[in-house]
Every structure is written in structure tokens, then in C-alpha cells.
Amino acid sequence: MTLPFILVVIGPTASSKTKIAIELAKKFNGEIINADAFQIYKELNIGTAKATNEETKQAIFHLNGERSIYEKWDINEFLIEAKKIVHNILSKNKMPILVGGSNLYIDALINNYDLSKVKERSNKYDSCSNDELYNMLLNLNKDKALEIGTNNRQRLLRAVEIVNTGGDFKSRHAKAYQPIYIMNNLSREEIYQKINKRVEKMLELGWVDEVENLYIKDKNIDQLNAFKAIGYKTILNSLICHTKLNIDEIKQATRNYAKQQLTWIRHHYENIIFYDDEVFSKISAILTT
């Protein structure tokens, strides 16, 4: 059985993924599916670098600002919705274009993870240290433990829950789609510079006001999963404590996240096509083989 193609725009934060996805959508009659864990929230706009109104006029976007921060959204919800959307796009003989920085979401969709038995996120393992979680996962699923390592606590927590509730990470030979990975070929220095400039631009656009308005409406907003998005709690704490906002802290956290994304990409994706003058012809050649 021949698997349907899907274009997948990968890359660290601030590497122009949305811009690339729009150009691909125009060229290959595509529709864009957002695979970012936080751009799904309609209340979080500036700090999540969500596609702008101008950008959404240039292509069809899915899972972009469609849920409230008070609604459930996790990797399982993403898989359920994304599969429906991909099926619908393919039924119209159009090209699905997956784009986003949440690499686990992308991997789950492409490689057909089975999360049907996974229960809602609990606090059962919150008291465990990273090393304890890692050793636990090592006994349950060695390959997954080695893949995650000891530093990414959220992924360790989620992975332990998945395997302990009967969920399964499908092996890579069980792909649901044939991915074509596209990435902007930027140096780490260029990425870090773009991150620093983008954080400053977000603040100019009113990021602090965005957070303040949300806090005015809900004094417990920081308890929501949505507020795990980089920068939001830092801004909120400065507002509550009436202290000067530590912009460098937000920049550093974002750079650290970009570094994690690059590490994931290096270990998970093969045959990446870099976004250059020949990108369209390279993709076309694959699609017509």
C-alpha cells in the first residue's frame, strides 16, 4: 500500500516555519495543519508567535487558535483532530502541510502512535525525580528512555504514563504517511539572533498587556496548561510582584528550547530538504516518482 505524502515543515522556534508553510501551500495546493502545542489557544496570540491575520489570509490554516485555554488539549486530542483534517485534505486531492515546533506531535502523527488507552494526565509521578522517571521508563521501554534522556521532564512524565496505561509508541515502520521534511537551513547563531529580536518584537506588540488582561479575568490563570508556554509565567510574575520584567530570562528560555528542538531534529529526521532556491523542484521530483 502506497502511503500518502505529507509535507512537514520542521525547525526550531523563530526559523520562519509559518512563512515556509505558506509558500509550500501556494505552490502545492496545500492546507496547513498547526502542530504547535500552544498556538491552538485563541487567547494566546503574541507570545506563541501564532500565524497573523495577514498570514491566515494567504493559506488555509487548521488547529490555529481554535481552542480556549480552558478546553482540554494534549497530544491525544491533537492526534484525533489532525488525522481527521489530513483525511479531509487528501479527500480533496490537496496537500497536507504539517508545521510546528512540537516535534512529539509531528512524530506521533507521522508514525501513528497508539494513545487510545492513555488516560488523562495525572499527578501520580510528579514527586519522582528526573532520574527516577528515566530509570522507570528504562525498565518499561528502553528505546523510548534512551530517546528522551534525563533532562526533558515533561516528556518523561508523559512517556511513563503512556506505557503504564497500556498505550504504545508505534515503531517507525508503521508510518501513517510518507513525510517530506523541509527546514530552513540557519546556523545556531542566526537562530539565536532571530529569537532575541522576536522576543523584543513580541513585547513591542503588547505581550505584557496580553498576559495582564488574561490575569485580570482569572487570577488562577497560571495554573492552566496553556500558561506553560515560554514567557507567560515570567511576565505574569513580574506583574504580580511589581518587578522589572527579565527579558533576558525569556530570551534564554527560548534559546534553550530551540536547542532542544535542534537536538530532536538531528536524532529523528532523515533526508531533510533545506529551504532554498531548489526546494520546489526537489519536492516535485519526490512527488512524481
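Colleague: At what angle do helix 8 and helix 11 pack, and how far apart are their axes?

Modeller: In this predicted model, helix 8 and helix 11 pack at an angle of about 140°, and their axes lie 10 Å apart.

Colleague: Why is that pair called oblique?

Modeller: Roughly antiparallel is a term kept for angles over 145 degrees, and roughly perpendicular covers 65 to 115; the angle here is about 140°, so helix 8 and helix 11 count as oblique to each other. The crossing of helix 8 past helix 11 is right-handed, and among the residues that make the contact are Ile 191, Ile 195 and Val 199 of helix 8 together with Ile 250, Thr 254 and Ala 258 of helix 11.

Colleague: What makes Asn 64 a buried residue?

Modeller: Buried means under 20% relative accessible area, and Asn 64 has a relative accessible area of 16%, so Asn 64 is buried. Asn 64 is found in the loop between strand 3 (61-62) and helix 3, and, leaving aside its neighbours within four places in sequence, Asn 64 is in contact with Asn 34, Gln 39, Lys 50, Ala 51 and Thr 56.

Colleague: How do you know that strand 1 and strand 5 pair, and in which sense do they run?

Modeller: Two strands pair if at least two bridges are found between them; strand 1 and strand 5 have six bridges, in the parallel sense, so they are paired. One of the bridges has Val 8 with Tyr 181 of strand 5 as its partner.

Colleague: What joins strand 5 to strand 6 (residues 273-274)?

Modeller: Strand 5 and strand 6 run parallel and are joined by two bridges, and because at least two are required, this is a pair as well. In strand 6, Phe 274 is the bridge partner of Met 183. Strand 5 is mostly covered, with five of its six residues buried.

Colleague: Which residues have the most contacts inside the largest nonpolar core?

Modeller: The largest nonpolar core has 56 residues, and those with the most contacts inside it are Phe 78, Leu 98 and Trp 207. Its largest share, seven residues, comes from helix 3.

Colleague: What does Leu 98 touch, not counting residues up to four places away in sequence?

Modeller: Leu 98 touches Ile 6, Leu 7, Val 8, Val 9, Ile 33, Ala 35, Phe 78, Ile 106 and Leu 109, with that exclusion applied.

Key:
Residues are numbered from 1 along each chain as its sequence is written. This is a predicted model: local features need pLDDT of at least 70, side-chain atom pairs count only at pLDDT 80 or more; totals for chains, interfaces and linings use all residues. Side-chain values use heavy atoms; hydrogens and water are left out. A nonpolar core is a set of buried Ala, Val, Leu, Ile, Met, Phe, Trp, Tyr and Cys residues joined through side-chain atoms within 4.5 Å. Buried means under 20% relative accessible area, exposed over 50%, partly exposed in between (1.4 Å probe, protein chains only). Helices (H or I, at least four residues) and strands (E, at least two) are DSSP runs, numbered from the N terminus. Contact means heavy atoms within 4.5 Å. Axes are lines fitted to C-alpha atoms, for helices over the stretch in contact, and angles run from 0 to 180 degrees between N-to-C directions. Angles under 35 degrees count as roughly parallel, over 145 as roughly antiparallel, 65 to 115 as roughly perpendicular and the rest as oblique. A crossing is left-handed if the near helix is turned anticlockwise from the far one by less than a right angle, and right-handed if clockwise.
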